[in-house]
Amino acid sequence: MSLILTDVSLTYADGDDRVLALDNVTLDVPAGTVTAVVGPSGSGKSSLLAVAATLIAPDSGTVVIDGVATSGLSRARLAELRRRTIGIVFQQSNLVPSLTAVEQLQVMAWIDGRSTREARSRAMSLLESVGMADHADRRPHALSGGQRQRVNIARALMNEPNVLLVDEPTSALDQERGEEIVELVTRLSRERHTATVLVTHDRSLLGAADRVAEVHDGRLSTVPSPPPLTPSLPQ
Ligand SMILES: Nc1ncnc2c1ncn2[C@@H]1O[C@H](COP(=O)(O)OP(=O)(O)OP(=O)(O)O)[C@@H](O)[C@H]1O
(Lines give C-alpha, C1' and ligand atoms only; values in the text may rest on other atoms or scores of the structure.)
Protein backbone atom coordinates (compact mmCIF):
# COMPACT_ATOMS: atom_id res chain seq x y z
CA MET A 1 0.00 0.00 0.00
CA SER A 2 1.14 3.52 -0.55
CA LEU A 3 0.77 7.21 0.01
CA ILE A 4 -0.19 9.30 -3.02
CA LEU A 5 -0.54 13.08 -3.10
CA THR A 6 -1.79 14.51 -6.38
CA ASP A 7 -1.79 18.21 -7.30
CA VAL A 8 -1.99 19.24 -3.65
CA SER A 9 -2.11 22.96 -2.91
CA LEU A 10 -2.41 24.53 0.51
CA THR A 11 -2.69 28.15 1.62
CA TYR A 12 -2.80 29.66 5.08
CA ALA A 13 -4.61 32.86 6.00
CA ASP A 14 -2.19 35.70 6.82
CA GLY A 15 -4.25 38.74 7.76
CA ASP A 16 -6.03 39.76 4.56
CA ASP A 17 -3.57 37.77 2.44
CA ARG A 18 -2.94 34.10 1.94
CA VAL A 19 0.43 32.33 2.10
CA LEU A 20 0.94 29.60 -0.49
CA ALA A 21 2.57 26.77 1.48
CA LEU A 22 2.15 23.92 -1.05
CA ASP A 23 1.93 24.56 -4.76
CA ASN A 24 0.58 21.66 -6.85
CA VAL A 25 2.57 18.99 -5.08
CA THR A 26 2.47 15.47 -6.49
CA LEU A 27 4.22 12.65 -4.64
CA ASP A 28 3.82 8.88 -4.83
CA VAL A 29 5.51 6.90 -2.06
CA PRO A 30 5.38 3.12 -2.63
CA ALA A 31 5.25 0.66 0.28
CA GLY A 32 8.63 -0.35 1.66
CA THR A 33 10.43 2.78 0.45
CA VAL A 34 11.66 6.02 2.01
CA THR A 35 11.29 9.40 0.33
CA ALA A 36 13.35 12.08 2.03
CA VAL A 37 12.00 15.61 1.71
CA VAL A 38 14.58 18.38 1.99
CA GLY A 39 14.27 22.12 1.70
CA PRO A 40 15.05 25.39 3.45
CA SER A 41 13.15 26.72 6.43
CA GLY A 42 9.67 27.89 5.45
CA SER A 43 9.65 25.94 2.16
CA GLY A 44 6.65 23.80 3.09
CA LYS A 45 8.08 20.57 4.55
CA SER A 46 5.96 20.51 7.71
CA SER A 47 2.89 21.50 5.70
CA LEU A 48 3.51 18.56 3.40
CA LEU A 49 3.71 16.16 6.34
CA ALA A 50 0.60 17.65 7.97
CA VAL A 51 -1.39 17.18 4.75
CA ALA A 52 -0.06 13.62 4.30
CA ALA A 53 -1.01 12.91 7.92
CA THR A 54 -4.55 14.19 7.20
CA LEU A 55 -4.09 16.73 10.00
CA ILE A 56 -4.70 19.58 7.52
CA ALA A 57 -7.02 19.33 4.51
CA PRO A 58 -5.50 20.82 1.34
CA ASP A 59 -7.32 23.59 -0.56
CA SER A 60 -7.18 21.41 -3.67
CA GLY A 61 -5.75 18.10 -4.80
CA THR A 62 -6.09 14.62 -3.36
CA VAL A 63 -4.43 12.55 -0.66
CA VAL A 64 -4.89 8.80 -1.04
CA ILE A 65 -3.74 6.54 1.77
CA ASP A 66 -3.84 2.81 1.36
CA GLY A 67 -6.21 3.29 -1.56
CA VAL A 68 -8.58 5.47 0.50
CA ALA A 69 -9.22 9.02 -0.79
CA THR A 70 -9.27 11.20 2.31
CA SER A 71 -11.20 14.21 1.03
CA GLY A 72 -14.75 14.32 2.31
CA LEU A 73 -14.17 11.84 5.14
CA SER A 74 -15.67 12.80 8.51
CA ARG A 75 -13.39 13.86 11.36
CA ALA A 76 -14.12 10.56 13.13
CA ARG A 77 -13.26 8.52 10.04
CA LEU A 78 -10.04 10.52 9.54
CA ALA A 79 -9.07 9.98 13.17
CA GLU A 80 -9.63 6.24 12.76
CA LEU A 81 -7.63 6.20 9.52
CA ARG A 82 -4.76 7.99 11.28
CA ARG A 83 -4.83 5.64 14.25
CA ARG A 84 -4.85 2.49 12.16
CA THR A 85 -2.83 3.46 9.11
CA ILE A 86 -0.43 6.31 9.87
CA GLY A 87 2.54 6.39 12.24
CA ILE A 88 3.95 9.83 13.00
CA VAL A 89 7.31 10.69 14.53
CA PHE A 90 7.28 14.32 15.59
CA GLN A 91 10.31 16.57 15.59
CA GLN A 92 10.11 17.17 19.31
CA SER A 93 10.22 14.01 21.36
CA ASN A 94 6.79 13.89 22.99
CA LEU A 95 7.24 10.90 25.22
CA VAL A 96 5.24 10.91 28.46
CA PRO A 97 7.73 11.71 31.28
CA SER A 98 6.18 9.31 33.80
CA LEU A 99 6.07 6.24 31.54
CA THR A 100 8.83 3.73 30.83
CA ALA A 101 9.91 3.06 27.25
CA VAL A 102 7.78 -0.07 26.96
CA GLU A 103 4.76 1.69 28.46
CA GLN A 104 5.06 4.51 25.88
CA LEU A 105 4.39 1.86 23.25
CA GLN A 106 1.74 -0.04 25.19
CA VAL A 107 -0.34 3.13 25.52
CA MET A 108 -0.86 3.09 21.75
CA ALA A 109 -2.40 -0.37 21.91
CA TRP A 110 -4.55 0.52 24.92
CA ILE A 111 -5.97 3.48 23.00
CA ASP A 112 -6.73 1.06 20.20
CA GLY A 113 -8.50 -1.32 22.62
CA ARG A 114 -6.07 -4.19 22.22
CA SER A 115 -5.14 -6.74 24.86
CA THR A 116 -2.45 -5.82 27.37
CA ARG A 117 -0.45 -9.02 27.07
CA GLU A 118 -0.32 -8.93 23.28
CA ALA A 119 0.59 -5.22 23.45
CA ARG A 120 3.48 -5.85 25.82
CA SER A 121 5.00 -8.58 23.70
CA ARG A 122 4.66 -6.48 20.53
CA ALA A 123 6.10 -3.45 22.32
CA MET A 124 9.09 -5.50 23.50
CA SER A 125 9.72 -6.88 20.04
CA LEU A 126 9.60 -3.38 18.54
CA LEU A 127 11.98 -2.05 21.19
CA GLU A 128 14.26 -4.93 20.29
CA SER A 129 14.15 -3.98 16.62
CA VAL A 130 15.23 -0.40 17.41
CA GLY A 131 17.98 -1.59 19.76
CA MET A 132 16.21 -0.46 22.94
CA ALA A 133 15.14 -3.74 24.57
CA ASP A 134 17.74 -3.28 27.33
CA HIS A 135 16.24 0.11 28.18
CA ALA A 136 12.58 -0.93 28.19
CA ASP A 137 12.08 0.03 31.83
CA ARG A 138 13.75 3.44 31.63
CA ARG A 139 11.81 6.68 31.69
CA PRO A 140 12.60 9.41 29.12
CA HIS A 141 14.79 11.47 31.49
CA ALA A 142 17.17 8.49 31.72
CA LEU A 143 17.53 8.16 27.94
CA SER A 144 19.77 10.08 25.52
CA GLY A 145 18.29 12.15 22.67
CA GLY A 146 19.04 9.38 20.17
CA GLN A 147 17.53 6.71 22.44
CA ARG A 148 14.38 8.79 22.92
CA GLN A 149 14.10 9.13 19.17
CA ARG A 150 14.38 5.33 18.82
CA VAL A 151 11.51 4.90 21.28
CA ASN A 152 9.51 7.50 19.32
CA ILE A 153 10.05 5.53 16.12
CA ALA A 154 9.09 2.23 17.77
CA ARG A 155 5.97 3.87 19.19
CA ALA A 156 4.95 5.16 15.76
CA LEU A 157 5.10 1.57 14.49
CA MET A 158 3.07 0.09 17.34
CA ASN A 159 -0.23 -0.01 15.47
CA GLU A 160 1.44 -1.46 12.37
CA PRO A 161 0.89 1.54 10.12
CA ASN A 162 1.25 1.35 6.35
CA VAL A 163 2.38 4.97 6.19
CA LEU A 164 5.20 6.38 8.35
CA LEU A 165 5.76 10.14 8.53
CA VAL A 166 8.93 11.33 10.22
CA ASP A 167 9.57 15.03 10.90
CA GLU A 168 13.22 16.13 11.35
CA PRO A 169 14.19 13.09 13.44
CA THR A 170 17.81 14.13 13.62
CA SER A 171 17.59 17.79 14.58
CA ALA A 172 18.75 17.23 18.16
CA LEU A 173 21.43 14.68 17.26
CA ASP A 174 25.05 14.76 16.16
CA GLN A 175 25.99 13.60 12.65
CA GLU A 176 26.70 9.98 13.57
CA ARG A 177 23.52 9.50 15.63
CA GLY A 178 21.57 11.27 12.89
CA GLU A 179 22.85 8.86 10.25
CA GLU A 180 22.00 5.91 12.49
CA ILE A 181 18.43 7.15 12.89
CA VAL A 182 17.95 7.61 9.11
CA GLU A 183 19.38 4.12 8.52
CA LEU A 184 17.06 2.72 11.19
CA VAL A 185 14.00 4.36 9.63
CA THR A 186 15.03 2.96 6.22
CA ARG A 187 15.54 -0.57 7.54
CA LEU A 188 12.24 -0.58 9.41
CA SER A 189 10.39 0.83 6.37
CA ARG A 190 11.69 -2.05 4.23
CA GLU A 191 11.00 -4.71 6.87
CA ARG A 192 7.53 -3.42 7.64
CA HIS A 193 6.63 -2.27 4.12
CA THR A 194 5.69 1.22 5.20
CA ALA A 195 5.45 4.07 2.71
CA THR A 196 7.74 6.48 4.53
CA VAL A 197 8.30 10.22 4.18
CA LEU A 198 11.20 11.63 6.17
CA VAL A 199 11.65 15.38 6.40
CA THR A 200 15.09 16.77 7.09
CA HIS A 201 17.10 19.88 6.42
CA ASP A 202 20.37 17.92 6.50
CA ARG A 203 21.30 16.56 3.07
CA SER A 204 24.35 14.75 4.36
CA LEU A 205 22.06 12.23 6.09
CA LEU A 206 20.28 11.09 2.97
CA GLY A 207 22.46 8.24 1.76
CA ALA A 208 19.98 5.64 2.99
CA ALA A 209 16.81 7.09 1.47
CA ASP A 210 15.40 5.56 -1.74
CA ARG A 211 14.55 8.94 -3.17
CA VAL A 212 15.08 12.58 -2.34
CA ALA A 213 12.46 15.22 -3.06
CA GLU A 214 13.32 18.88 -2.75
CA VAL A 215 10.80 21.51 -1.77
CA HIS A 216 11.22 25.22 -2.55
CA ASP A 217 8.49 27.79 -1.99
CA GLY A 218 5.93 24.98 -1.78
CA ARG A 219 6.97 23.34 -5.06
CA LEU A 220 8.35 19.82 -5.03
CA SER A 221 10.91 18.34 -7.39
CA THR A 222 12.53 14.94 -7.25
CA VAL A 223 16.29 14.95 -7.39
CA PRO A 224 18.64 11.99 -7.95
CA SER A 225 19.54 10.21 -4.72
CA PRO A 226 23.09 10.75 -3.50
CA PRO A 227 25.40 7.70 -3.58
CA PRO A 228 25.43 5.62 -0.39
CA LEU A 229 27.75 7.00 2.28
CA THR A 230 31.08 5.19 2.28
CA PRO A 231 32.83 4.69 5.60
CA SER A 232 36.05 6.70 5.87
CA LEU A 233 39.20 4.57 5.75
CA PRO A 234 41.51 4.52 8.77
CA GLN A 235 44.51 6.85 8.31
N1 LIG B 1 -0.44 28.34 10.58
C2 LIG B 1 0.13 29.10 9.64
N3 LIG B 1 -0.39 30.29 9.32
C4 LIG B 1 0.16 31.08 8.36
N5 LIG B 1 1.25 30.73 7.66
C6 LIG B 1 1.83 29.53 7.94
C7 LIG B 1 1.31 28.67 8.95
N8 LIG B 1 2.09 27.56 9.02
C9 LIG B 1 3.07 27.74 8.10
N10 LIG B 1 2.91 28.92 7.45
C11 LIG B 1 3.75 29.43 6.34
O12 LIG B 1 3.73 28.45 5.30
C13 LIG B 1 5.03 28.32 4.71
C14 LIG B 1 5.51 26.88 4.85
O15 LIG B 1 5.74 26.59 6.24
P16 LIG B 1 6.22 25.16 6.78
O17 LIG B 1 6.13 25.19 8.26
O18 LIG B 1 5.49 24.10 6.06
O19 LIG B 1 7.76 25.16 6.29
P20 LIG B 1 8.97 24.20 6.71
O21 LIG B 1 9.70 23.91 5.45
O22 LIG B 1 8.46 23.05 7.48
O23 LIG B 1 9.84 25.13 7.65
P24 LIG B 1 10.86 24.72 8.87
O25 LIG B 1 11.98 23.93 8.24
O26 LIG B 1 11.32 26.07 9.37
O27 LIG B 1 10.07 23.95 9.88
C28 LIG B 1 5.91 29.35 5.40
O29 LIG B 1 5.91 30.52 4.61
C30 LIG B 1 5.22 29.60 6.72
O31 LIG B 1 5.47 30.90 7.19
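Biologist: Which residues come nearest the ligand, and what makes a residue count as near?

Modeller: Of the 13 residues around the ligand, the nearest are Tyr12, Ser41, Lys45, Ser46 and Ser47. A residue is near when its C-beta atom, placed from the backbone, lies within 6 Å of the molecule or strand. Strand E1 (3-14), strand E2 (17-29) and helix H1 (45-52) each give two or more residues to that shell, and H1 gives the most, with three. Mind you, this is a predicted model: local features need pLDDT of at least 70, side-chain atom pairs count only at pLDDT 80 or more, and totals for chains, interfaces and linings use all residues. Residues are numbered from 1 along each chain as its sequence is written.

Biologist: And what makes something a helix or a strand here?

Modeller: They're DSSP runs numbered from the N terminus: helices are H or I with at least four residues, strands are E with at least two.

Biologist: Why is strand E8 called largely enclosed?

Modeller: Buried means 20 or more other C-beta atoms within 10 Å of a residue's own, with C-beta atoms placed from the backbone (12 or fewer is exposed, in between is partly exposed). Five of the five residues of E8 (195-199) are buried, so the rest of the structure largely encloses the strand. Ala195, Val197 and Val199 cover one side, Thr196 and Leu198 the other.

Biologist: How do you know that E3 and E7 pair with E8?

Modeller: Pairing takes at least two DSSP bridges between two strands. Strand E3 (33-38) has five with E8, in the parallel sense, and strand E7 (163-167) is also joined to E8 by five, running parallel. Threonine 196 in E8 is the bridge partner of valine 34, and leucine 164 stands opposite threonine 196 too.
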